[in-house]
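Hello,

Here is the structure I promised to pass on. Please open it alongside these notes.

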Amino acid sequence: MAERILDVKNLKIDFHTYAGEVKAIRDVSFHLDKGETLAIVGESGSGKSVTTKSLMGLLANNAEVTGGSIMFHDQDILKKSEKEMQNIRGKDIAMIFQDPMTSLDPTMRIGQQIAEPLIKHKHVDKKKAWAQALELMKLVGITDAEERIKNYPHQFSGGQRQRIVIAIALVCYPEILIADEPTTALDVTIQAQILELMKELQEKIETSIIFITHDLGVVAGMADRVAVMYAGQIVEYGTVDEIFFNPQHPYTWGLLNSMPTLSSTKLEAIPGTPPDLLDPPKGDPFVARNPYAMKIDAEQRPPFFKVSETHYAATWLLHPDAPKVTPPDEIIRRRQTFKDIMAHRAI
Amino acid sequence: MSEKRKKILEVKHLKQYFNVGKADEVRAVDDVTFDVYEGETFGLVGESGSGKTTTGRSIIHLYEPTDGSILFEGRDISKLKTKAEFLKFRREMQMIFQDPYASLNPRMKIKDIVAEGIDIHHLAKNDAERSKLVEDLLETVGLNRDHSSRYPHEFSGGQRQRIGIARALAVKPKFIIADEPISALDVSIQAQVVNLLKDLQREHGLTYLFIAHDLSMVKYISDRIGVMHYGKLLEVGTADEIYAHPLHAYTASLISAVPVPDPEYERNRKQLPYDASAEQDHPDNPRKLREIVPGHFVRCTEDEVATYRKKAEEYKQQA
């Protein structure tokens, strides 16, 4: 069995705002094994970015962790002081942000920016650090690296900047790389290159990736496992094949159904909007938008029902007493593919 | 589809250069020609910097074209002279913007945002009629009638985009330019807005120019698609043709880069490379849009037509 390097249990985070307590993360648990890529998908406001910020100790001042634990190996990140976090951030857990235009320091040469974590964390001397920065620039595919190491961020295109951000994140060979919408600001052809690069580097330096995105297409290509978040909770998690081809939660159905594939002729939108987390629903958070909702969905939060060893979904539809429902056509089509894949693998 | 459909918009050899004659001259749109037929959705796709947004802005006459002409219902929009002519043009062509946060004035109430066009064009006789028009519009785009006295910050991104759509519809336009109208929205909300745009098109007989970089959504909403790259229009065809049988290497490369929510597909995906340097222009052998098969155009030289025809033939045999 793979080594477990991160274990998040029953995490709860509130934000204090003028309007009241926003319950942004409501009892979230997940884990990350060595070498794997876990994708967390969800809409804006679902809590995916807040979750990862808590892993980095980067929560805003008005945020409060009201419960749970984040075990990184055998230490609880939530119990670390800011000083201790500074030794973990960028060294053991590194992050790639969405916007390559704002995540680099415009007044620093990029060589300096790539070398900085080495000098700070690994106490490498400046000359050696720059030499390693140069190696890494070549590795992430910046041409004429010898020349360009002295350039400033504005001298690079968006795609090149994101390559540099990746170089900075990977320079200390972190055990966990958190990528928060790393390609959302990029064009599709550039996005494809960056994703390819991330996969290559992951193999080379054996890092684990937590990939935050709203783009299910990107998830399908990158993830080993997927967690679907909605209104501050994980509603379903499983392997990438289980989530895309055998989804169980009506929200996952809705997401897959509202994405155009290159062959789709009809889009089924999810009606309505996500709930207000100032006053979150007490049952299944998706109840108000769920065409399959039952009475119990409004009253009681569903527990996780086991679908397979790796696949769990929090929906009352999986309760043995629940009525049998027919999922949308697109989901039925996907389940057929799932059967085919499983049959093929069994051979 | 018959070839007798009425052309509502004709873009002819449009050139939109910036900083003309200076060292930093930018040829944002360079000799682009296409037609849009009444009642259809024409999708314009391309990456950032391809000139798709500039094309849209030139069409609604936010820029004076460097060269070429834009005909809306047969009239050259650069030759509109009187204020009345301009008003009429502006009423018939409206725009929906990308950023629903930046495109609504935060200090105006929804009813005043939506009614701005109604006021300018004197479409309401009195306050009561104005309110009714606004409330009807809000209902049309799926908002609550009594939202009209609220301010933009009270709405989510998807709701704001609906307000932007209501504002565009207020003057009963014929033609709407939607510049990346959904790229700032969440997946589940994107489908809502796209479906709304489709419904409105059917009910009001609207024509859309839909500008976007999200190819899968463009394919879904568009009847025909034009692919832009570096200011040039490289390929035009029906949405199905462009996706199933892309002829230009850039189009094929662009489509191959689109992530698909299907892990099986993704595991087998091969991204096709594209080398723009292979397309150098020679004055004696000009590249322009040439019809390869009926309704499907590719920007190429005279000699390349045969190669593309062969490719189109191969696609046909595969099918």
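The contact between the chains takes 31 residues from chain B and 32 residues from chain A. Bear in mind that this is a predicted model. The largest share comes from α6(B), with 6 residues. By class, the side of chain B that touches chain A has 14 nonpolar, 10 polar and 7 charged residues.

Now chain A on its own. Chain A splits into domain 1 (4–223) and domain 2 (227–346). Their centres, taken over C-alpha atoms, are 28 Å apart. The two domains touch: 22 residues of domain 1 of chain A and 18 residues of domain 2 of chain A make up the contact.

Which elements supply at least two residues each to the domain 1 side of that contact? They are β2 (20–33), β3 (37–41) and α8 (216–222) of chain A. β2(A) gives the largest share, 9 residues. Sorted by class, this side of domain 1 of chain A has 12 nonpolar, 5 polar and 5 charged residues.

One annotation to go with this. UniProt, in an unreviewed entry, places the feature "domain: ABC transporter" at residues 8–256 of chain A. That span is 39% helix and 28% strand. The C-alpha atoms at the ends of residues 8–256 of chain A lie 26 Å apart.

Best wishes

Note on methods: Residues are numbered from 1 along each chain as its sequence is written. Chains are lettered from A and ligands numbered from 1 in the order in which they are written. This is a predicted model: local features need pLDDT of at least 70, side-chain atom pairs count only at pLDDT 80 or more; totals for chains, interfaces and linings use all residues. Domain bounds come from an automatic or database domain assignment. Two residues are in contact if their C-beta atoms, placed from the backbone, lie within 7 Å. Helices (H or I, at least four residues) and strands (E, at least two) are DSSP runs, numbered from the N terminus. Ala, Val, Leu, Ile, Met, Phe, Trp, Tyr, Cys and Pro count as nonpolar, Asp, Glu, Lys and Arg as charged, and the others, Gly among them, as polar. UniProt positions are given in the numbering used here, feature names are shortened, and annotations may be inferred rather than shown by experiment.
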